[in-house]
Amino acid sequence: MIRKLLVANRGEIARRVFATCRALGVETVAVHSDADADAPFVAEADHAVRLPGNAPAETYLRIDLILDAARRAGADAVHPGYGFLAENAEFAAAVSDAGLTWVGPPAKAIAAMGDKMAAKALLAEAGVPMLPTWTDADEITDFPVLVKASAGGGGRGMRVVRDAAGLAEAVASARREAAGAFGDGTVFIERYVERGRHVEVQIFGDTHGTVAALGVRECSIQRRHQKLVEEAPGVLPHEVRTALHEAAVAAGRAVDYVGAGTVEFLLAPDGEIYFLEMNTRLQVEHPVTELVALGALDLVRLQLLVAEGQPLPEDLHGRIAVRGYAIEVRLCAEDPVHGYRPAAGVLHRFAIPGVEREFENLSRAGLRLDSGVVDGSVVGVHYDSMLAKVIAWAPTRAEAARALAGALARAELHGVTTNRDLLVRVLRSPEFGAVEIDTGFLDRHEEVFAPLLPADQLPLVALAAALATAAARRADAPVLAGLPSGWRNVPAFPQVTRYAGPDGEIEVRYRLDRSGGLAEWSVSPDAGSAALADGPTPDGAAPEGGPTPDEAAPADAPPPAVTLVGAYPDRVVLDVDGVRRAYRVHRVGSDVFVDGPDGAASLAELPRFGEPTPELAAGSLVAPLPGAVTRVHVEVGQRVAAGDLLLTLEAMKLEHPVLAPADGVVAELPVAAGGQVDTGAVLAVVDPE
């Protein structure tokens with residue numbers, strides 16, 4: 001039996017495996033980079049071993065260091081998690097050769113499925129349906145096609161190409177990204193099916209010859225070929241579900257599969273299914289399969305039992321019984337304002353209301369959270385941007401979607417920007433509710449990329465931030481507690497607070513009366529709802545710098561009447577046109593995070609007298625986050641057109657193109673391929689024509 005398990009991974013999956021180990025009485029060992037020294041998964045392990053460095057290539061991808069860590073900690077088994085070395089046949093063989101129990105499929109099966117071209121040939125012989133595939137770009141005459149990395153997955157090294165002109169660059173870019181992510185730049189090309197659905201089957205094999213299908217998952221909502229929303233059991237016709245199960249089991253048997261695996265398929269609009277790939281590991285979206293299975297299904301527990309040589313339980317040999325519906329979303333640290341590129345920083349608050357369990361099954365309708373972070377976690381640039389998976393289970397799909405969207409909308413996610421608003425809008429969209437989904441869903445529905453907070457509600461959020469900030473300062477000066485903020489015997493100037501907001505600078509002006517009520521307020525630049533709460537100032541004029549009552553909003557949309565119900569350091573309650581609205585306010589230094597009934601906003605209070613900052617040259621392009629320059633495509637003096645690729649920056653395991661903002665000439669190029677840059681570093685200067 002396994003006594004002490006080392007998890008050769010980090011973050012959420014390490015915590016997930018540790019949770020099952022605690023329930024089974026198995027000791028745990030974490031390995032960690034320097035960047036992860038204070039991460040939650042390290043604190044939760046019984047033992048931890050440092051892997052010096054930060055980059056994956058010098059830490060989590062070092063087979064020798066991980067095996068040495070297992071030896072030093074006295075581990076007798078290794079679980080690879082997912083990502084990093086999870087599908088590395090050399091690692092699996094090395095673990096077994098070291099006399100340790102490998103919690104995963106045999107190295108031979110990993111190798112067979114790791115080369116996707118060889119896997120397609122092998123499984124085609126087993127009767128699994130395939131898409132047309134090429135390795136030579138010159139043979140392709142029919143578009144669109146999809147360029148894919150032969151090793152690895154997760155959407156990395158994938159490019160959709162719709163005409164011959166873009167094929168060469170797509171292949172080159174996919175090769176670079178695949179080489180950086182998986183150490184193997186081999187790619188192949190596949191027919192791209194428009195309006196296809198991405199569906200997959202969870203399989204499980206044991207050492208006694210059983211390969212079972214444990215259900216279907218729907219994973220069609222994707223961005224950049226990376227899954228965002230996953231569901232089980234999936235809304236599919238009975239005959240399609242049956243065909244998927246049969247094809248998946250055939251794939252598993254073809255390689256004598258052992259352990260947890262996933263066989264992924266493309267479901268075409270005409271109902272035909274085509275093999276995509278087989279992931280020889282536990283999948284990120286495995287919780288939805290656990291939640292809908294009738295009974296206490298724990299896939300990590302099954303992995304450990306099978307690795308010990310035990311057979312799969314009899315009740316899993318046939319089609320498993322399911323209950324209700326489960327939906328999972330991947331909550332990622334991303335910047336919506338700049339194309340959802342990965343974001344970094346300190347996660348000051350991470351709170352999702354209504355969570356029933358963490359890393360465990362649910363006995364009733366509710367929410368499960370599988371998270372790699374907690375309050376205070378540092379989100380760096382070295383690893384994947386996923387913060388957590390939030391999963392809802394309910395008797396019906398509609399109930400699960402509603403509960404999940406509601407919890408996400410009310411979550412307090414402070415310090416790092418996320419894709420939360422996008423996830424909520426997808427879950428609430430009529431098309432998602434009607435199962436009108438496919439892998440191109442986000443391309444057709446630009447409306448889901450809009451922030452939850454309407455622009456006309458930002459003034460109320462800014463007002464709440466200013467009132468809470470004033471309340472906090474007064475709480476620190478109790479001698480003033482008996483007087484309203486800014487009170488004078490004779491009404492004078494309003495209080496003024498300036499913020500950097502999501503779309504630029506915001507100035508809040510307000511004055512309280514003798515009773516502490518809101519006598520007047522305004523917000524500029526005007527977003528349509530700046531107003532005077534109790535009428536104009538005594539002389540009938542608008543507050544200095546603010547709009548007059550007639551200018552505050554169009555005639556057919558009068559400004560709201562706003563009354564202050566209460567202002568506290570962490571909470572402000574306003575009465576807006578007779579409806580009370582509560583705003584939760586969290587301040588960290590000059591940053592103010594406001595969560596209200598219509599959405600959330602992050603503001604940064606500006607100093608009254610700002611420090612001068614150096615002015616960048618016109619046409620400067622700066623690094624949006626720390627990373628490595630992987631390739632420079634231009635040189636100084638070269639003429640470029642708007643949209644031309646200047647260089648590529650790799651950060652958080654993704655390749656980010658830096659494009660020319662306008663026609664012009666490259667005037668400066670202070671970086672070189674292979675160089676590291678920090679946020680704000682000048683990458684290039686293009687003199688516009």
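Start with the cavity: the structure holds one of 30 Å³ or more. A cavity here is a set of points, on a 1 Å grid over the protein atoms alone, where a 1.4 Å probe fits but cannot get out. The model is predicted: local features need pLDDT of at least 70, side-chain atom pairs count only at pLDDT 80 or more, and totals for chains, interfaces and linings use all residues. Residues are numbered from 1 along each chain as its sequence is written, and side-chain values use heavy atoms, with hydrogens and water left out.

**Cavity lining**

Select His79, Pro80, Gly81, Ala86, Trp102, Val103, Gly104, Pro105, Thr280, Arg281, Leu282 and Gln303, which line the largest cavity; lining residues have an atom within 4 Å of a point. About 50 Å³ of space lies inside the largest cavity, a volume being the space filled by probe spheres set on grid points joined across faces, edges and corners. The lining divides into six nonpolar, five polar and one charged residue. In this scheme Ala, Val, Leu, Ile, Met, Phe, Trp, Tyr, Cys and Pro count as nonpolar, Asp, Glu, Lys and Arg as charged, and the others, Gly among them, as polar.

**Helix α4**

Next select residues 89-97, helix α4. Helices (H or I, at least four residues) and strands (E, at least two) are DSSP runs, numbered from the N terminus. Ala89, Phe91, Ala92, Ala94 and Val95 of α4 are buried; buried means under 20% relative accessible area, exposed over 50%, and partly exposed in between (1.4 Å probe, protein chains only). Show α3 (63-73), β4 (77-79), β5 (101-102) and α5 (107-114) as well: the buried residues of α4 pack against these elements. At the start of α4, look at Asn88, where a side-chain oxygen reaches to within 2.9 Å of the backbone nitrogen of Glu90. Just after α4, Gly99 has a positive phi of about 85°.

**Ala73**

Move to Ala73, in helix α3. Ala73 is buried, at 15% relative accessible area. Which residues does Ala73 touch, not counting those up to four places away in sequence? They are Lys4, Val29 and Val49, where contact means heavy atoms within 4.5 Å. Draw a distance from the C-alpha atom of Ala73 to that of Ala30: the separation is 9.5 Å, with the two residues 43 apart along the chain.

**Two cis prolines**

Select Phe143 and Pro144; the peptide bond between them is cis, with omega near 5°. Pro144 sits in the loop between β6 (133-134) and β7 (145-149). Then select Ala232 and Pro233, joined by a cis peptide bond with omega near 10°. The loop that holds Pro233 runs between β12 (226-232) and α8 (238-254).

**Two positive phi values**

Asp256, not a glycine, has a positive phi of about 50°. Its loop lies between α8 and β13 (259-267). Is Asp256 buried or exposed? Asp256 counts as exposed, at 59% relative accessibility.

Tyr340, also a residue other than glycine, has phi near 60°. Tyr340 is in the loop between β16 (334-335) and β17 (341-342), and is buried at 6% relative accessible area.

**Confidence**

Finish by colouring by pLDDT, the predictor's confidence in each residue, from 0 to 100. The chain has a mean pLDDT of 89, and 91% of its residues reach 70 or more. Select residues 527-555: pLDDT stays under 50 there, and the model has 54 contacts beyond four places in sequence for this stretch.

Technical notes. On a 1 Å grid over the protein atoms alone, a cavity is a set of points where a 1.4 Å probe fits but cannot get out, and a pocket is an open set with protein on both sides within 12 Å along at least five of seven lines; lining residues have an atom within 4 Å of a point. A polar contact is a pair of N or O atoms within 3.5 Å; within protein, one must be able to donate a hydrogen and the other to accept it, and residues adjacent in sequence count only if both atoms are side-chain atoms.
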